[in-house]
Amino acid sequence: MGVEVQDLVGPALGTLALVAAGGYLLGSIPFGVILTRAATGQDVRGIGSGNIGATNVLRTGRKDLALATLLLDAGKGAAALLIARQLFDSEVAGAIAGGAAFLGHLFPVWLGFRGGKGVATFFGLLIAAAWPLGLLAGATWILMAALFRISSLSALVASAAAPVYALLPLAALGLPAPAPILALAAFTAVLIWIRHSANIARLLKGAEPRIGARKT
């Protein structure tokens with residue numbers, strides 16, 4: 001699957017702007033906040049790390065809410081990418097919608113631009129963009145989590161590996177990622193590392209909490 005002329009030219013700029021806006025609004029839906037408040041009356045932003053993602057929702061003790069948050073956060077990124085790709089038959093449009101959804105999750109307008117760290121949305125985007133890439137990155141997360149039981153470390157390694165997987169193993173399988181997908185993987189990986197700056201500092205100090213721990 002290579003880069004076609006249509007992808008190089010892409011839809012009109014006005015169309016891409018609408019695609020980006022739609023992707024952002026979809027990505028900005030704070031499912032962790034909505035589900036936790038509806039089910040428990042609590043604001044997940046006042047629990048543990050204050051993050052709105054599945055890892056922090058798990059600290060409420062509700063595994064069902066954490067799983068639902070994980071799936072919905074992943075699904076909104078995937079939906080944004082797939083809808084745009086289908087409507088405009090363009091990898092460029094899909095990547096822009098997916099990237100905008102990722103930004104929406106990180107900086108949701110509804111929460112004063114204070115959102116999650118994007119890990120679930122990242123995996124949803126990769127699976128929708130190129131499922132072998134998503135599976136490889138997901139397998140990397142699982143391996144790191146099994147070895148170290150630290151969610152942030154798993155996310156950092158998996159996100160850093162994703163652009164490499166797009167360039168090397170996928171190409172070896174005869175599935176080279178189109179340039180928009182490679183750019184999306186790199187863009188989201190950089191933002192994940194930026195959003196995990198505090199986690200990186202704790203990792204260096206050996207103070208990062210492990211999966212399932214209640215952070216006070």
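Helix α8 (residues 131-148) has 18 residues, which at 1.5 Å a residue should span 26 Å; the C-alpha atoms at its ends lie 25 Å apart, so the two values agree. The model is predicted. Along α8, the buried residues are P132, L133, G134, A137, G138, T140, M144 and A145. After the helix comes R149, with a positive phi near 60°.

In soluble globular proteins, nonpolar side chains tend to be buried together. Here the largest nonpolar core contains 24 residues, and L81, F102, F122, L126, L133 and A162 have the most contacts inside it. Two or more residues come from each of α5 (63-88), α6 (91-106), α7 (119-129), α8, α9 (151-167) and α11. The most is given by α7, with six residues.

Leaving aside residues up to four places away in sequence, L126 touches W131, L133, G134, A137, A162 and A185. Of these, L133, G134 and A137 are also among the buried residues of α8.

Two packed helices are described by the angle between their axes and the distance between the axes. For helix α11 (residues 179-195) and helix α12 (residues 197-205), the axes come within 4 Å and cross at roughly 60°. α11 is therefore oblique to α12. On the α11 side the contact is made by W193, I194 and R195, and on the α12 side by S197, N199 and I200. By type, the residues of this contact are three nonpolar, two polar and one charged.

Conventions:
Residues numbered from 1 in each chain as written. Predicted model: local features only at pLDDT ≥ 70, side-chain atom pairs only at ≥ 80, totals over all residues. Heavy atoms only, no water. Axes fitted to C-alpha atoms, helices over the stretch in contact; angles between N-to-C directions. Parallel < 35°, antiparallel > 145°, perpendicular 65-115°, else oblique. Contact = heavy atoms within 4.5 Å. Nonpolar A, V, L, I, M, F, W, Y, C, P; charged D, E, K, R; others polar. Expected span 1.5 Å × (residues − 1). Buried < 20%, exposed > 50% of the residue type's maximum accessible area, 1.4 Å probe, protein only. Core = buried A, V, L, I, M, F, W, Y, C linked by side-chain atoms within 4.5 Å.
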